[in-house]
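Here is a short report on the fold of one chain.

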Amino acid sequence: MIDKHDWRLTGHQANYLHGELLRYAPYRPPRPGWTHDRCEFCWTRFAPQKREGCASEGFHTEDHRWICECCYEDFKVIFDWRLEG
Ligand SMILES: [Zn+2]
């Protein structure tokens, strides 16, 4: 069980991520020349190709914020996320 003092929680994520509709997908940069995004919680790097220490797929919001699988599992209950089927 995750508590509210988990190091990945800044206290701000709830302002823009609570109750969001998430979609599971392979990582795609939002536009050409954009190299990567990071998990909103643990800062794991997302990359389009599989690479050591990087996630190549995960959960994202409509406004293109990414959450890795591990953080999704850990925080889905607190953040009350909905998953697009
Ligand atoms: Zn993460």
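Buried residues account for 18% of the 85 residues in the chain. The model is predicted. Among contacts between residues at least 6 apart in sequence, 61% join residues at least 24 apart.

The chain holds two helices and seven strands. Along the sequence they follow the pattern α-β-β-β-β-β-β-α-β. The radius of gyration is 13 Å, close to the 12 Å that the globule rule gives for 85 residues, so the chain is as compact as a globular protein of that length. The C-alpha trace spans about 35 × 25 × 20 Å along its principal axes.

Next, the strand pairs.

| Pair | Sense | Bridges |
|---|---|---|
| β2 with β3 (residues 45–46) | antiparallel | two |
| β1 (residues 21–26) with β5 (residues 57–60) | antiparallel | four |
| β5 with β6 (residues 66–67) | antiparallel | two |

Which strands form the open sheet of three? The order is β2-β3-β4, and the pairing is mixed. Its edge strands are β2 (37–38) and β4 (54–55), each of which pairs on one side only.

Strand β5 pairs with β1 over four bridges and with β6 over two. Towards β6, His-60 has Trp-66 as its bridge partner. The hairpin of β5 and β6 has five residues between the strands. There, His-64 takes a positive phi near 65 degrees.

Note on methods:
Residues numbered from 1 in each chain as written. Predicted model: local features only at pLDDT ≥ 70, side-chain atom pairs only at ≥ 80, totals over all residues. Pairing = 2+ DSSP bridges. Rg over C-alpha atoms; globule rule 2.2 N^0.38 Å. Buried ≥ 20, exposed ≤ 12 C-beta atoms within 10 Å, placed from the backbone. Contact = placed C-beta atoms within 7 Å.
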